[in-house]
Amino acid sequence: MKIHNFSAGPSILPKEVFEQSAQAVLDFNGSGLSILEISHRSKDFVAVMEEARQRVRTLMQLPEHYHVLYLAGGASLQFLMTPYNLMKEQGGKAAYVDSGSWAANAIKEAKKLGTVDIVGSSKEKHYSYIPKDFTVDDSYDYFHCTSNNTIYGTQMQEFPKVPVPVCCDMSSDIFSRKLDFSQFDLIYAGAQKNMGPAGVTLVVVNEQILGKTGRTIPSYLDYQNHIAKESMFNTPPVFNVYATLLTLRHLEKTGGIEAAEKRNRAKAELLYNEIDRNDHFQTFCVKEDRSVMNVSFELLSPELKEMFDQRCKEAGISGLNGHRSLGGYRASIYNAMPIESVEVLVSVMQSL
Ligand SMILES: *Cc1c(COP(=O)(O)O)cnc(C)c1O
């Protein structure tokens with residue numbers, strides 16, 4: 001039976017990526033060696049890393065002074081690396097938006113290195129919307145936001161213009177829509193949501209914001225070390241970088257970010273239209289901040305839960321449970337999710 005994978009992460013990737021990465025485990029580039037056993041300094045792997053960095057550069061149309069890195073430690077390590085590299089040692093102060101649990105985790109780490117002002121928060125309303133009306137003045141070292149709140153299903157539609165470096169956690173909507181990426185100075189994304197397997201994190205950083213804190217930064221945590229070593233400061237997660245490269249190639253082959261955005265909008269519209277039409281369902285968040293990537297919703301008729309779950313199972317729907325902190329359901333409809341799978345879910349919803 002065909003399985004429709006709505007998992008929030010690790011999550012669906014193009015089938016072609018699974019096939020090609022499986023092949024590379026057995027025989028990489030016809031070398032007779034597995035991608036898992038070659039040196040990260042070998043010509044073949046250096047070419048993988050180069051292309052994986054260059055493709056991000058091209059897809060995001062990054063200016064020269066931006067660098068692309070592939071690091072370990074997940075987005076969670078970036079919660080700490082961001083303040084380490086940007087928060088001044090003396091009197092450091094940063095502005096954060098608290099739009100969800102991941103944002104709150106980022107805030108928790110930043111507080112270890114300086115003062116954090118939460119300039120906007122939707123915590124009191126169970127993170128059901130994106131905080132918008134706030135101001136950030138130039139007394140801050142940087143501003144931090146989360147573009148897509150994976151758990152609550154909210155997404156920033158606009159980014160504030162602020163007079164300090166802008167940092168953004170894009171883990172769950174990276175490459176899902178066209179943006180002016182040069183409006184950000186630091187972007188990071190754990191690969192496992194929309195670009196590859198778990199174990200590697202994409203970091204895009206504007207070199208002009210670095211080296212200004214007066215802080216001694218532990219070597220691995222210093223972006224400047226990773227930039228100087230072209231993302232080979234230590235052994236990178238080679239297989240994960242390779243599988244990510246395959247996803248980036250696939251994205252380009254299927255029309256790039258613009259075409260992906262069109263497909264993503266069509267999928268989200270189909271699902272939200274059904275939620276709005278169907279009296280049994282409702283989203284957790286306000287309409288204007290709905291995410292195109294993660295559709296979090298609840299079933300309003302608890303007596304139908306067993307039947308709905310059973311019909312989902314019979315239809316091959318997998319990974320639809322909401323996050324443990326929120327309950328309900330969450331359909332993650334990342335780039336690799338075909339609209340046909342969304343149609344299957346919608347038809348099960350219609351059957352109630
Ligand atoms: C999943 C997720 C994270 C955590 O990523 P890890 O790679 O597990 O550290 C952080 N931020 C957002 C928005 C996420 O969706």
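How many salt bridges does the rule find across the interface of domain 1 and domain 2? Three salt bridges are identified there, a salt bridge being a side-chain nitrogen of Lys or Arg within 4 Å of a carboxyl oxygen of Asp or Glu. The structure is a predicted model, in which local features need pLDDT of at least 70 and side-chain atom pairs count only at pLDDT 80 or more, whereas totals for chains, interfaces and linings use all residues. Residues are numbered from 1 along each chain as its sequence is written, and side-chain values use heavy atoms, with hydrogens and water left out.

The protein chain comprises domain 1 (15-253) and domain 2 (257-350), with bounds taken from an automatic or database domain assignment. The contact (heavy atoms within 4.5 Å) involves 23 residues from domain 1 and 23 residues from domain 2. The C-alpha centres of the two domains are separated by 27 Å. About 2,000 Å² is buried between domain 1 and domain 2, with 51% contributed by carbon and sulfur atoms; buried area is the accessible area (1.4 Å probe) that two parts lose on being put together, summed over both.

A salt bridge joins the side chains of Lys-132 and Glu-288 (3.1 Å, N to O).

The ligand is surrounded by 13 residues (a heavy atom within 4 Å), the closest being Ser-76, Thr-150, Asp-169, Gln-192 and Lys-193. A side-chain N or O atom of Ser-76 lies 2.6 Å from a ligand oxygen atom. For Asp-169, a polar side-chain atom is 2.6 Å from a nitrogen atom of the ligand.

Notes: Polar contact = N/O pair within 3.5 Å; in protein donor to acceptor, adjacent residues only side chain to side chain.
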